[in-house]
Amino acid sequence: MPASPSTARAINDRLALRLLQQEGPLTAGRLKQLTGLSRPTVADLVERLMTAGLIEIVGESGEQRRGPNARLYGIVADRAHLAALDVRTEGVTVVISDLLGTELGRASLPIADDTGTGPAVEQAVALVERAAKEAGADPLHTVGIGAPGLIDPATGELRISSGLPEWHRRLVAALGERLPARVIVENETNLAALAEQRDGAAHDRDTFVLLWLGLGTGAAVVLDGRLRRGASGGTGEIGFLPVPGTATLPSATDCAGGFHSLGGDAAVVSLAGEYGLVGEGSEAGVRAATLVREAVAGETGVASRFLDSLADRLTIGVASVVAVLDPGCVVLGGEVGQAGGAALAARVTERIGRMSPLPTEVRASVLGGGAVLRGALLMARDAAQDELFGPPSSR
């Protein structure tokens, strides 16, 4: 059945807004060319979107043109303000942005292990409130949070986990109570995959697996353009994968003995130590990335052998993923994946080619540890735009 006039208008409005987001400011004539709509239809939607406060005149198209036909229309970036949080066991980082994702402010807060749940939550909420106020972005429209742990696919909430601080879960609820904003949370590795697909190493792939290598291990699975979470939200918990080369087997509450014991940050630091390589930094994750980066920079002798051994270990996990999912592409993400760069990715590609009959390209992360925060911002932006760019009845 043909769309009703109101549905057709909503579809046209959303198309125009998406084009303005992707292309930047456009004239009505250019919108007509890109949408294929008639001149009167474009004129109507421009007026409608301006009345709704979603677009505005931002300039003219060139020195040789003047008047109505030269006006450039752009999305009103401050129509809504967003916050993105990267929640780690050791602290929180927040980025404040406008509706187009332009960064307006950034702040970080370390949270010590011995900080109580209540004080940790209060400090983190205050950080977000202060960052938004200082960026001139108060009130916030949408908050996107990336956190370790499983997300319940039925409720969208962070599940209880014995291995993670309680303040993580409490923070999500506290932000929802304190802020007049929509608050959404997603697993950190899944958000890293979103960011790598939009802006990073997997920008040309609709099927791939991101293997997170940094402060812990994990994987995100994207098949046919869709992120797959599994029945309980646990798709990609590769740290628990039983693998050869470890002293024990993992348990339901401890991934020691699983792939984490081969590719986790502490395991990387330990492996480097076997080759006499010692990096700087008090945290294992920082040292692991530093050691890999330095080995790549001096890729000869001992450093090269260390990278070979690390690639051997990572290939065990990659081979398991490839055998089950056949993704065609695996991105080595996180701080360690980015530090290893093309040198480490090439080693894993060569090894997986000998181990598996399924053609697989291994790529290095472009965004590294920053992918979680970028993914959280993209999630918040998408959610806000879905609401604001929807039909008038949904706004």
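Me: How many bridges join strand S8 to strand S11, and which way do the two strands run?

Reply: In this predicted model, four bridges join strand S8 (residues 208-214) to strand S11 (residues 329-333), and the two run parallel. Within this pairing, Trp-212 stands opposite Gly-333 in S11.

Me: Why do S8 and S11 count as paired strands?

Reply: Two strands pair if at least two bridges are found between them.

Me: What makes S10 and S12 the edge strands of their sheet?

Reply: The sheet is open, has five strands in the order S10-S9-S8-S11-S12, and shows mixed pairing. Strand S10 (226-228) and strand S12 (361-364) each pair on one side only, and that places them at the edges. From one strand to the next, the twist averages 25 degrees.

Me: Why is the pair of Arg-14 and Asp-386 called a salt bridge?

Reply: The closest N and O atoms of Arg-14 and Asp-386 are 2.6 Å apart. The cut-off is within 4 Å, so the pair qualifies.

Me: Why are Arg-14 and Asp-386 called partly exposed?

Reply: The class lies between under 20% for buried and over 50% for exposed. Arg-14 has 29% relative accessibility, so it counts as partly exposed. Asp-386, at 39%, therefore receives that description too.

Me: How do you know that Glu-188 and Arg-88 form a salt bridge, and are these residues buried or exposed?

Reply: Their side chains meet at 3.8 Å, N to O, which is within the 4 Å limit. The pair links distant parts of the chain, with Glu-188 in helix H6 (residues 188-199) and Arg-88 in strand S3 (residues 81-88), 100 residues apart. Buried means under 20%. Glu-188 has 10% relative accessibility and so counts as buried, and Arg-88, with a relative accessible area of 10%, is buried as well.

Me: What makes Arg-178 and Glu-122 a salt bridge, and which helices does the pair link?

Reply: The N to O value for Arg-178 and Glu-122 is 3.0 Å, and the rule asks for a separation within 4 Å. Arg-178 lies in helix H5 (residues 166-178) and Glu-122 in helix H4 (residues 117-134), 56 residues apart. Arg-178 is partly exposed at 36% relative accessibility, and Glu-122 is partly exposed at 40%.

Me: How many salt bridges are there by this rule, and which residues are linked in a network?

Reply: The count comes to 21 salt bridges. Asp-308, Asp-312, Arg-347, Glu-350, Arg-351 and Arg-354 are linked in a network of them.

Me: How do helices H8 and H10 pack, and what makes up their contact?

Reply: Helix H8 (residues 265-274) and helix H10 (residues 301-325) pack at about 140 degrees, with axes 10 Å apart, in a right-handed crossing. H8 contributes Ala-267, Val-268, Leu-271, Ala-272 and Glu-274, while H10 contributes Phe-306, Ser-309, Leu-310 and Arg-313. By class, six of these residues are nonpolar, one is polar and two are charged.

Me: How do helices H2 and H3 pack, and which residues make their contact?

Reply: Helix H2 (residues 28-35) and helix H3 (residues 39-51) pack at about 115 degrees, with axes 9 Å apart, and the crossing is right-handed. Ala-28, Leu-31, Lys-32 and Thr-35 of H2 meet Arg-39, Val-42 and Val-46 of H3.

Technical notes:
Residues are numbered from 1 along each chain as its sequence is written. This is a predicted model: local features need pLDDT of at least 70, side-chain atom pairs count only at pLDDT 80 or more; totals for chains, interfaces and linings use all residues. Side-chain values use heavy atoms; hydrogens and water are left out. Axes are lines fitted to C-alpha atoms, for helices over the stretch in contact, and angles run from 0 to 180 degrees between N-to-C directions. A crossing is left-handed if the near helix is turned anticlockwise from the far one by less than a right angle, and right-handed if clockwise. Contact means heavy atoms within 4.5 Å. Ala, Val, Leu, Ile, Met, Phe, Trp, Tyr, Cys and Pro count as nonpolar, Asp, Glu, Lys and Arg as charged, and the others, Gly among them, as polar. Buried means under 20% relative accessible area, exposed over 50%, partly exposed in between (1.4 Å probe, protein chains only).
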